[in-house]
Amino acid sequence: MSSSGRTLLVLFVSSAAVLLLLERLLHPNPRERNYELLTEMVYSKAAESLDASIALPAGMTQQAIVEGVVVRGQVPFHYGTGPEEAVRAGVELTNPVSDGPQVLARGRELFGRYCALCHGLDGGGRGPVVERGMLPPPSLLAARALAMADGEMFHIVTMGQGNMGSHAAQVTPQDRWKLIRYIRSLQEPAR
Ligand code: HEC
């Protein structure tokens, strides 16, 4: 080995030894977390959604949802409000949920929670709010509801109609279809 090679080797080994020694001195307990340098690069700062931003379009951190984006787990519903759209939904949509004891039990639970206050537990239209003076909703056992397509009911529950509000936020699409199965079971004796 040449003398310059030897010098290099000595330099390398001694600087490694110095670094190891330094590490030991600064960080005597290996079970403890080590020193962190340049932490800004390790832990990026999360931006608050309503903060101003120097990097994002329009200076806003929270950007508007891109058109056409579907929220994960949500089925797109391409209908506007109003009775015509409800009728169209009735023609185009079929109930994807099949009948069965579990579906009816779930539908019954939801009906009791979200619908019976107006429609009554039996669907007859005399729920507690009607007893207290609200105009009664149409009976779900009457001819109109008996003849109504599942998709039209789905539209009414999803978008609301007249004095009835939308229940899209409270009841998932799958549960709405289960509710409709349950309404059909309520209607059974009236058929
Ligand atoms: C705030 C009271 C209220 C609640 C709660 C309510 N509804 Fe209604 N519902 C009404 C009214 C009022 C109408 C009549 C709407 C109209 O003017 O066409 C109606 C109409 C309907 C119709 C159409 C009936 C027809 O013959 O036109 C269906 C189906 C229906 N509701 C189902 C439900 C279901 C299912 C729920 C529970 C998720 C529910 N409703 C919750 C008040 C309510």
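In helix H7, the buried residues are Asp150, Gly151, Glu152, Met153, Phe154, His155, Ile156, Val157 and Thr158; buried here means under 20% relative accessible area, exposed means over 50%, and partly exposed is anything in between, with a 1.4 Å probe and protein chains only. That makes nine of the 10 residues of H7, so the helix is mostly covered. Helices are DSSP runs of H or I with at least four residues, strands are runs of E with at least two, and both are numbered from the N terminus. The cover over the buried residues of H7 includes helix H3 (83-92), helix H6 (143-147) and H8, with contact taken as heavy atoms within 4.5 Å. Just past the end of H7, Gly160 has a positive phi of about 80 degrees.

All of this comes from a predicted model, in which local features need pLDDT of at least 70 and side-chain atom pairs count only at pLDDT 80 or more, while totals for chains, interfaces and linings use all residues. Residues are numbered from 1 along each chain as its sequence is written, and side-chain values use heavy atoms, with hydrogens and water left out.

Next comes the iron site. On the protein side, the donors of the iron atom of the ligand are His119, through NE2, and Met164, through SD, at 2.0 to 2.1 Å. Donors are N, O and S atoms within 2.8 Å of the metal (3.2 Å for Na, K and Ca), and water is not among the atoms, so sites may look incomplete. His119 belongs to helix H4 (residues 101-119) and Met164 to the loop between helix H7 (150-159) and helix H8 (173-187), so the two tie together parts that are 45 residues apart in sequence. His119 is buried, at 11% relative accessible area, whereas Met164 is partly exposed at 25%. Ideal angles for six octahedral donors are 90 or 180 degrees.

Around the ligand there are 21 residues, the closest being Cys115, Cys118, His119, Arg144 and Met164; a residue counts if one of its heavy atoms lies within 4 Å. The side chain of Arg144 has an N or O atom 2.8 Å from an oxygen atom of the ligand, and for the side chain of Gln161 the corresponding distance to a ligand oxygen atom is 3.2 Å.

Back in the loop between H7 and H8 sits Ser166, partly exposed at 36% relative accessibility. Leaving aside residues up to four places away in sequence, Ser166 touches Val157, Thr158, Met159 and Gly160. The Ser166 side chain also reaches two backbone atoms: the oxygen of Thr158 at 2.6 Å and the nitrogen of Ala168 at 3.1 Å. From Ser166 to His155, 11 residues apart along the chain, the C-alpha separation is 9.1 Å.

Gly133 lies in the loop between helix H5 (128-131) and H6 and is exposed, at 62% relative accessible area. Gly133 and Ala147 are 14 residues apart in sequence, with 28 Å between their C-alpha atoms.

As for the overall layout, the domain assignment gives domain 1 (3-59) and domain 2 (83-190), with bounds from an automatic or database assignment. Taken over C-alpha atoms, the centres of domain 1 and domain 2 are 62 Å apart.

How values were computed. A polar contact is a pair of N or O atoms within 3.5 Å; within protein, one must be able to donate a hydrogen and the other to accept it, and residues adjacent in sequence count only if both atoms are side-chain atoms.
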